[in-house]
Amino acid sequence: MKDILSLLVFSLITNFIIAQNTILWSINKVNSEKVAYIIGTFHQMGNSFIDEKPLIKELLSKCELAIFESVEDKNEKIITVMLNRTDDFSYKEFLYKEDIDFLENYTKNWKVPLSKHKPGELIVKLQQEYIKESCGTIKPTDTSYHMDDYLMSIAEKQNIKVLGLETYSNQFDAINIVNGEELTWKKTKNIIHQVINNFKDDKNQKKICASAKAYMEMKFNYQFKVKCADSDGILSKRNEKWIPTIINSIEQNNSVFIAVGMLHLYGECGIISQLKKNGYEVTTLKLK
């Protein structure tokens, strides 16, 4: 079951020390005037992080196409899909009583009630909330709490064409299905217990927040030549599906801005390594 937890929250708790000292790269090909940029995002990051780095907005504003993991109205559509589900209280049959009490109190103001969450979705949602509450990624003055959505709003305000690499249904599958099997409350009972304990005891805070801290300091190491730990897993498979769309978009447009979660750039299965294998030169862009 620890393997399932690792797959679900890998992008939130992975810690690396040596880094490329950036989150932004340019993509070029020899004898081509086309230009592209790629940024590794940290999803639970407030808008001030982007606002403090004007080069990101400047490059985005110059592009004719912006690519994101999904460009559908995720907040509305995902919420609509979940709210239309039949209430399911079966979690009460499998979770620990103390965890049920915590969850029913903690989630009482959520737009989507606990009874309409599946186990995988709940774990990811709790991890996201923990990051926002405990890791310093959100400032009191922030008005946007999701980095990708904020970048997308900038693109849309400037009438930049946007393209999604997958649909919200793909994202549901990535969260709820592991190794071909849908997660159940019984299988995730101890995982959920562990995640909830993080809210009650801060002994793991440093470890959980390590990747957020490294990202904000631009000390995250993408280790492009390292074999991916989940070479047959969720991240790698999504990258494999995305690469043809990314390359085709770069070839067919004069300027492209790509924003995907930072772990999609990690290792030899990552998007940057795959672009290099396809003949692109990927160059670090320094940010103050």
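**View 1. The side chain of Thr137 reaches the backbone oxygen of Gln44 at 2.6 Å.** A polar contact is a pair of N or O atoms within 3.5 Å; within protein, one must be able to donate a hydrogen and the other to accept it, and residues adjacent in sequence count only if both atoms are side-chain atoms. The model is predicted: local features need pLDDT of at least 70, side-chain atom pairs count only at pLDDT 80 or more, and totals for chains, interfaces and linings use all residues. Residues are numbered from 1 along each chain as its sequence is written, and side-chain values use heavy atoms, with hydrogens and water left out. Thr137 lies in the loop between α7 (119-134) and α8 (147-157); helices (H or I, at least four residues) and strands (E, at least two) are DSSP runs, numbered from the N terminus. With a relative accessible area of 3%, Thr137 is buried (buried means under 20% relative accessible area, exposed over 50%, partly exposed in between; 1.4 Å probe, protein chains only). Leaving aside neighbours within four places in sequence, the residues in contact with Thr137 include Phe42, Gln44, Met45, Gly46, Ala212 and Met216. Contact means heavy atoms within 4.5 Å.

**View 2. Six strands form an open, mixed sheet in the order β4-β3-β7-β2-β1-β8.** Two strands pair if DSSP finds at least two bridges between them. The edge strands, each pairing on one side only, are β4 (161-164) and β8 (281-285). On average, neighbouring strands of this sheet are turned by 25° against each other, direction ignored. Axes are lines fitted to C-alpha atoms, for helices over the stretch in contact, and angles run from 0 to 180 degrees between N-to-C directions.

**View 3. Strand β7 (residues 255-261) runs parallel to β2 (residues 35-41), joined by seven bridges.** Gly40 stands opposite Val260 of β7, and Thr41 stands opposite Gly261. Four bridges join β7 to β3, also in parallel; here Ala66 has Phe257 of β7 as its bridge partner. Seven of the seven residues of β7 are buried, so this strand is largely enclosed by the rest of the structure.

**View 4. Helix α8 packs on the sheet, touching β2, β3 (65-68), β4 and β7.** The direction of α8 makes about 145° with that of β2. Buried residues of α8 are Met147, Asp148, Tyr150, Leu151, Met152, Ile154 and Ala155. Just after α8, Asn159 takes a positive phi of about 60°.

**View 5. Helices α6 (residues 97-106) and α10 (residues 185-200) cross at roughly 60°, their axes coming within 10 Å.** The contact is made by Glu98, Asp99, Phe102, Leu103 and Tyr106 of α6 and by Ile192, His193, Ile196, Phe199 and Lys200 of α10. By class, six of these residues are nonpolar, one is polar and three are charged. Ala, Val, Leu, Ile, Met, Phe, Trp, Tyr, Cys and Pro count as nonpolar, Asp, Glu, Lys and Arg as charged, and the others, Gly among them, as polar.

**View 6. Asn31 and Gln223 have positive phi values.** Asn31, with phi near 65°, is found in the loop between β1 (24-28) and β2. Asn31 is exposed, with a relative accessible area of 81%. Gln223 has a phi of about 40° and lies in the loop between α12 (210-216) and α13 (234-252). With a relative accessible area of 22%, Gln223 is partly exposed.
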